[in-house]
Amino acid sequence: MTQTPDGLPDESDNLDQLQPEDTLVDRGVDDVLDEGYSPAEKWSAGEGFGTTADEALQGENLDQRIAQEEPDIDPYAEVDGEDLDDGEVGSTRSGRLVAPDEGLGEDVDSELFGEDVGIDGAGASAEEAAVHVVEDE
């Protein structure tokens, strides 16, 4: 690695393409550059109208601008989709789960046990708010 006068590594060393013998990744090619590149499957802003000087001077017409717009999603529209309720999530939120020994002492049980002690007065964390009561059938 090349060192600069102040002892820091040269910036070009950080940008070099590592060869297979320098990494733990082996994809079966002798040179990393032979592997190829799979371009993104989405539209790039560089491919749009107005990237050249001539297009910028010409400007977009109304039809081109309307074609780029995406319709607003109606939050009150009826959704025709599959029912994702598989009975694994209850409708009643659980409180804090506390071990029978309240977290003190050695864990001697092979299973996890907890008791719902109610919702804490402060705001619940995301994990606590995600826990719901599922009734036994």
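Asp101 is placed in the loop that connects strand 2 (97-98) with strand 3 (115-116), strands being DSSP runs of E of at least two residues and helices runs of H or I of at least four, both numbered from the N terminus. The structure is a predicted model, in which local features need pLDDT of at least 70 and side-chain atom pairs count only at pLDDT 80 or more, whereas totals for chains, interfaces and linings use all residues. Residues are numbered from 1 along each chain as its sequence is written, and side-chain values use heavy atoms, with hydrogens and water left out.

The protein contains four helices and four strands, arranged from the N terminus in the order α-α-α-β-β-β-α-β. The average pLDDT, the predictor's confidence in each residue on a scale from 0 to 100, is 76 for the protein, and 81% of the residues score at least 70. Confidence is lowest in helix 1 (residues 11-15), with a mean of 58, and highest in helix 2 (residues 53-58), where it reaches 90. Of the 137 residues, 4% count as buried, a class defined by under 20% relative accessible area, with exposed meaning over 50% and partly exposed in between (1.4 Å probe, protein chains only).

The C-alpha atoms of Glu102 and Gly114 are 9.0 Å apart in space, with the two residues twelve apart in sequence. Asp101 and Glu102 belong to a negative surface patch that also includes Glu106, Asp107, Asp109, Glu111, Glu115 and Asp116. Patches are made of residues with over 30% relative accessible area and no salt bridge, like charges being joined within 9 Å and nonpolar side chains (Val, Leu, Ile, Met, Phe, Trp, Tyr) within 5 Å; Asp and Glu count as negative, and Lys and Arg as positive, with His and the chain ends not counted.

Side chains of opposite charge can pair when their charged atoms come close. A search of the whole structure finds one salt bridge, defined as a side-chain nitrogen of Lys or Arg within 4 Å of a carboxyl oxygen of Asp or Glu. Arg65 and Glu60 form a salt bridge in which the closest N and O atoms are 3.8 Å apart. Glu60 lies in the loop between helix 2 and helix 3 (62-68) and is partly exposed, with a relative accessible area of 28%. Between the C-alpha atoms of Glu60 and Gly50, which are ten residues apart along the chain, the separation is 7.6 Å.

Key:
Accessible areas come from the Shrake-Rupley method with a 1.4 Å probe; for residues, only the protein chains shown count as cover. The place of a charge is taken as NZ of Lys, CZ of Arg, CG of Asp or CD of Glu.
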